[in-house]
Amino acid sequence: MHDPEVLRSLHVSRFKYEPEIFAAPGRVNLIGEHTDYAEGFVMPAAIDFATLAAISPRDDDKIIIYSENFKEERTFDAASLPKHGGKDWSDYPLGVIAILAGEGHRIPGLSLSMLGDVPLGSGLSSSAAVEVATALAVTSLLDIDYPRPQLARLCQRAENEFVGANCGIMDQFISANGAANHALLLDCRDLSFKLAPIPASVALVIANTMVKHSVAGGEYTSRRAEVEEAAAVIARHRPEVRFLRDATVDDLDKWGTEMSPNALKRARHVITENTRTVAAADALIRHDLKELGRLMSEAHASYSFDFEASCAEADTMVMLAHNLPGLIGARLTGGGFGGCTINLVEQGRAQEFAKALAASYASETGIVPQIHICHASSGAHKIVASFSH
Ligand code: GLA
């Protein structure tokens, strides 16, 4: 995470007003991919990359948003906010503000500065970090206290309705609710969750394939449509099945022929992934790291072969990880089609693992990857610091 003092001083020199500052983390998903919008299970952890948001009130009715990452400023009229984004970086913070306005909150003039270090388009939820940081900042300015699950829902709506990306709830939920040194098993049906401690002996090594992905892109949307097609076919026979969360492999054996071959494969991934995710949380809680690693391998194979959401580079990254000492489990994480792999690695070997993986990936693919040794971090929070000024 960047030093909040950097953002504070940028904000003060631009807006001449002492801000309140909030941080919201990105995330890595240990297991449970494309299950959230099927009301299934996911097990992400918040990580130590984050977006910082500094906020202060204004006398006029303007909403001014400055991004230090883009080095650009945008101005909007608080009284007449747009209903949809304009394919701009500002869609994410503005979408949150617009959804809050739609909830009946009167939005005053405000200045918002943002600075983040979550790598963009890498499957580490940079968008959710921006949304959740904005939501915390603006609700604090409005003096309203949203329960965290509701705050996450509001941010998801900003992405679905304002940005136009059809994502589920996982990313916003973990950014708002993460806990240091823990993964979080989330039931995306009722948003109940259980924390699973990540032992100090386990490092989270995140390996960026450098292949960009986008949730707003067509592949994510078409996979989601196939998952929904499969659920609709099963529902013809078993009306109580509204989402694949309620379906079984047995349902696929019976009625899979009524689906498109793609819908059948996607459904097989989602149904088996739900089972794996619950089992993986159990294994983590029991400290059965061998079983956790096995489930991650299975999850990657299912994501790659049945869901067809991997890419050659990610498959290579996972395959190379398996040749290295210290690996517990590896898989592609996030929305798919590029981005990062998550490697659970024995803590004492994490440095040498990261170095060897970077070297072998570069020589195999010709691409120099970015590898980060991360820590499971706390969810979004206010920065309370005694700045020297
Ligand atoms: C993206 C979406 C999430 C989830 C994952 C896939 O990160 O934002 O809601 O669907 O992809 O598991």
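Leaving aside residues up to four places away in sequence, serine 122 touches Asn208, His213, Gly339 and Cys340. This residue sits in the loop between β5 and α3 (126–142). The model is predicted.

**Serine 122**
- Serine 122 has a relative accessible area of 4%, and it counts as buried because that value falls under 20%.

- β5 pairs with strand β2 (residues 41–57) in the antiparallel sense, over 7 bridges. Within this pairing, leucine 52 has leucine 115 of β5 as its bridge partner.
- β5 also runs parallel to strand β3 (residues 62–67), and 5 bridges join the two. Here isoleucine 63 stands opposite leucine 110 of β5.

**Helix α6**
- Helix α6 covers residues 218–237, which makes 20 residues. From its first C-alpha to its last it reaches 30 Å, close to the 28 Å expected at 1.5 Å a residue.
- The buried residues of α6 are Tyr220, Arg223, Arg224, Glu226, Val227, Ala230, Ala231, Val233 and Ile234.
- These buried residues pack against α7 (249–255) and α8 (261–285).

**Ligand surroundings**
- There are 13 residues around the ligand, and Glu33, His34, Asp36, Asp171 and Tyr220 come nearest. Tyr220 is also among the buried residues of α6.
- Glutamate 33 has a side-chain N or O atom 2.8 Å from an oxygen atom of the ligand.
- Aspartate 171 likewise places a side-chain N or O atom 2.7 Å from a ligand oxygen atom.
- For glycine 168, a polar backbone atom is 2.8 Å from an oxygen atom of the ligand.

**Annotated domain**
- The UniProt annotation "domain: GHMP kinase N-terminal", from an unreviewed entry, covers residues 95–178.
- The end C-alpha atoms of residues 95–178 lie 23 Å apart. This span is 58% helix and 8% strand.

Definitions and conventions:
Residues are numbered from 1 along each chain as its sequence is written. This is a predicted model: local features need pLDDT of at least 70, side-chain atom pairs count only at pLDDT 80 or more; totals for chains, interfaces and linings use all residues. Side-chain values use heavy atoms; hydrogens and water are left out. UniProt positions are given in the numbering used here, feature names are shortened, and annotations may be inferred rather than shown by experiment. Helices (H or I, at least four residues) and strands (E, at least two) are DSSP runs, numbered from the N terminus. The expected span of a helix is 1.5 Å times one less than its number of residues. Buried means under 20% relative accessible area, exposed over 50%, partly exposed in between (1.4 Å probe, protein chains only). Contact means heavy atoms within 4.5 Å. Two strands pair if DSSP finds at least two bridges between them. A residue is near a molecule or strand if one of its heavy atoms lies within 4 Å of it. A polar contact is a pair of N or O atoms within 3.5 Å; within protein, one must be able to donate a hydrogen and the other to accept it, and residues adjacent in sequence count only if both atoms are side-chain atoms.
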